[in-house]
Amino acid sequence: MAKASETKVGNILRYNGELVTVTEFIHRTPGKGGAFYLGKFRNIKTGKIVEARLGTDEQVEICRVETNDFQYLYEEGDYFVVMDNTSFDQFNVAKALFGPSAKFLKEGMNVIVSMEGEEPIMAQAPNFVELEITYAEPAVKGDTSSGAQKYATTEIGVEIKVPLFVHQGDKVKVDTRTGEYVERVK
C-alpha cells in the first residue's frame, strides 16, 4: 500500500477491486478545505474511464506488473499459448487481451505481455507484421482511376485491402492496429 501522493501517471492500481492504469493525476489545493488529488483511471479489462477524488494521505494499492517479450506458439480455444523467451515457461493468454490485432498473429512471432503475478492483464501484438498474399484477384489495366484497391487473402487467412499492383506470392506489410496495408516488402 502507498499514499495517493506517491501515485504517478502510468502506474497500475487496484481501485475498487479492478485493475486500472493512471492516465491523469492532478493535485488540487482549494482555498477552503484540505488538498486532494483528482485522478482519471482507465480500467484495463473494459477500457472505461473512471474519475476519482483521493485525499493526500489516502491509501492506494500500486500493483507490481512485469512486461516481457513472449513468443506466440499456437491457438487453443479462446486462448493463445505463449512462451517466455528466457525461462521457456508457457502461459495461456486470452485472445480478448490482444483486441483486434489478434487475427494477425503468426506462429513464432514475438508479442508483449504484461503480467501481475501469474495472471496476464495486458497483451500487445507487434505494430506491423509481414504477410504473404496467397490469393489476389487479377486487376485489369484501366479499371479505375488512382488509388484503387482490391481484396487479397493472406497466408493466415485474413482478408485485407491492397493496391491493384499487389499479386499472389507478394509479401506485404500490414498495420496490426488498423488492419491496413502499409507497403510491399521485397
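Trainee: Which strand gives the largest share of the lining of the largest pocket?
Mentor: This is a predicted model, in which local features need pLDDT of at least 70 and side-chain atom pairs count only at pLDDT 80 or more, while totals for chains, interfaces and linings use all residues. Residues are numbered from 1 along each chain as its sequence is written, and side-chain values use heavy atoms, with hydrogens and water left out. A pocket is an open set of points on a 1 Å grid over the protein atoms alone, where a 1.4 Å probe fits and protein lies on both sides within 12 Å along at least five of seven lines, and its lining residues have an atom within 4 Å of a point. Strands are DSSP runs (E, at least two residues) numbered from the N terminus, and the largest share here, 3 residues, comes from strand 11.

Trainee: What volume does the largest pocket have, and how many nonpolar residues line it?
Mentor: A volume is the space filled by probe spheres set on the grid points, which are joined across faces, edges and corners, and for the largest pocket it comes to about 190 Å³. Ala, Val, Leu, Ile, Met, Phe, Trp, Tyr, Cys and Pro count as nonpolar, Asp, Glu, Lys and Arg as charged, and the others, Gly among them, as polar. The lining includes Thr21, Arg42 and Met122, and by class it has 3 polar, 2 charged and, as the nonpolar count, 6 residues.

Trainee: How many charged residues line the second largest pocket?
Mentor: That pocket has a volume of about 160 Å³, and among its lining residues are Arg64, Glu66, Asp84 and Glu118. Beside 3 nonpolar and 2 polar residues, the number of charged ones is 4.

Trainee: Which residue forms a salt bridge with Glu51?
Mentor: A salt bridge is a side-chain nitrogen of Lys or Arg within 4 Å of a carboxyl oxygen of Asp or Glu, and the structure holds 10 of them. Glu51 is exposed, at 59% relative accessible area, where exposed means over 50%, buried under 20% and partly exposed in between (1.4 Å probe, protein chains only). With the closest N and O atoms 3.9 Å apart, the partner of Glu51 is Lys40.

Trainee: In the salt bridge between Arg177 and Asp175, which residue counts as buried?
Mentor: The two side chains meet at 3.0 Å, N to O. Arg177 is partly exposed, with a relative accessible area of 49%. At 12% relative accessibility, the buried residue is Asp175.

Note on methods. Helix = DSSP H or I, 4+ residues; strand = E, 2+ residues; numbered from the N terminus.
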